[in-house]
Amino acid sequence: LGLGFGAAGMAYGYALGTLLVVPVVAYYARVWITTPSVETLRSLWSYAKYSIPNGFVGKVYSRFDLILLGVLVGPAAVANYEIAFRISMPATFISITAASVLMAKVSHSATSGGSIKSEVVSTLSYASLLSIPIFFGAVVIADDLVVALYGGAYAEAGLFLVGLAFYRILRSQTSPLKNVVNGLNRPDYNLRLSTVVLVINIGLGIAFVFEIGAIGIVIATVIAEAIRYLGLIWFLRQSNPGISLFPRPLQAQIGAGFLMCLFVFTFVETAPFDRTLTTGFAVFSGALAYAAFLLAGSQYHRRLARSGVDRLL
């Protein structure tokens, strides 16, 4: 920015910074570029011929809602959707981080003949740790939160926020599960499932937007993601019988989120402050209440908390 390149300078700086890190990574990894063998290229192609189209389908799926809203409804609906999408974005931070590691772990365990159950269950147990309280909180204060952050002009985004927050719960589970399927060397199944989900999302989105308005796009996305979730569960239970895909910690998080929802609702209805101040206190107290309910009712989370404290100390 200081050299006069403006906003483009940030993009150039990002690219240059990434390039400069490559030699450092190569030095510590003790590897360097080499010519791949024919067998390696064939192996890569057998995977890439499904994973590359799947990435394209996934990109279309992730941005289709905005395109459809812009074409069929208008820019105001696009703005409301985008605001709700951004507010709910932190819900999948843990899931995305865990999913990126899970694929390598599953691939190693499957290749060496080991069990993948422990890696999958432990990831699913905590992948929705943030998305669940964000959804239950949005049920109570979505409208007030949007107004507090972006102003009254975007008050209609509150309904979008509730729907997208629920979508984030599903997404926080499907992201790791997709990587598990990829780690089992079945990107072809992910491609077929993603294509079906995209077609369903497009069909339902167009139908719902004419029947119930812009919120129909969000409902269609939630239904499509739920179908993906069921499809991934079916595949993993077929390939790994007995695996638990709805672990106890996840159940505890849902229970704590529901109790937090009741607490926040009571607080909002009885607080003597103005709406903006009440919303701020509701977010803060809701987070504390969720953590308290979770620690009080789940031994798994108490062990996790103790482990975190021990590492810090």
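Arg-30 is exposed, with a relative accessible area of 62%, where exposed means over 50% relative accessible area, buried under 20% and partly exposed in between (1.4 Å probe, protein chains only). The model is predicted, so local features need pLDDT of at least 70 and side-chain atom pairs count only at pLDDT 80 or more, while totals for chains, interfaces and linings use all residues. Residues are numbered from 1 along each chain as its sequence is written, and side-chain values use heavy atoms, with hydrogens and water left out. Helices are DSSP runs (H or I, at least four residues) numbered from the N terminus.

**Loop residues with positive phi**

- Arg-30 lies in the loop between helix H1 (7-29) and helix H2 (38-72), and its phi is near 60 degrees, a positive value in a residue other than glycine.
- Asn-185 is placed in the loop between H7 and H8, and this residue, again not a glycine, has a positive phi near 65 degrees.
- Asn-185 is exposed, its relative accessible area being 54%.

**Packing of H8 and H9**

- Helix H8 (residues 187-212) and helix H9 (residues 215-239) pack at an angle of about 155 degrees with their axes 7 Å apart, the axes being lines fitted to C-alpha atoms, for helices over the stretch in contact, and the angles running from 0 to 180 degrees between N-to-C directions.
- That angle makes H8 roughly antiparallel to H9, on a scale where angles under 35 degrees count as roughly parallel, over 145 as roughly antiparallel, 65 to 115 as roughly perpendicular and the rest as oblique.
- H8 passes H9 in a right-handed crossing, a term used if the near helix is turned clockwise from the far one by less than a right angle, with left-handed used if anticlockwise.
- The contact of H8 with H9 has 18 nonpolar, seven polar and one charged residues, with Ala, Val, Leu, Ile, Met, Phe, Trp, Tyr, Cys and Pro counted as nonpolar, Asp, Glu, Lys and Arg as charged, and the others, Gly among them, as polar.

**Packing of H7 and H9**

- The axes of H7 and H9 come within 9 Å and cross at roughly 25 degrees, which makes H7 roughly parallel to H9.
- The H7 and H9 crossing is left-handed, and by class the contact between these helices has 18 nonpolar, four polar and four charged residues.

**Buried residues of H5**

- In helix H5 (residues 117-126), the buried residues are Glu-119, Val-120, Thr-123, Leu-124 and Ser-125.
- The cover over the buried residues of H5 includes helix H4 (93-111), helix H7 (157-183) and helix H10 (248-270), with contact meaning heavy atoms within 4.5 Å.

How values were computed. Helix = DSSP H or I, 4+ residues; strand = E, 2+ residues; numbered from the N terminus.
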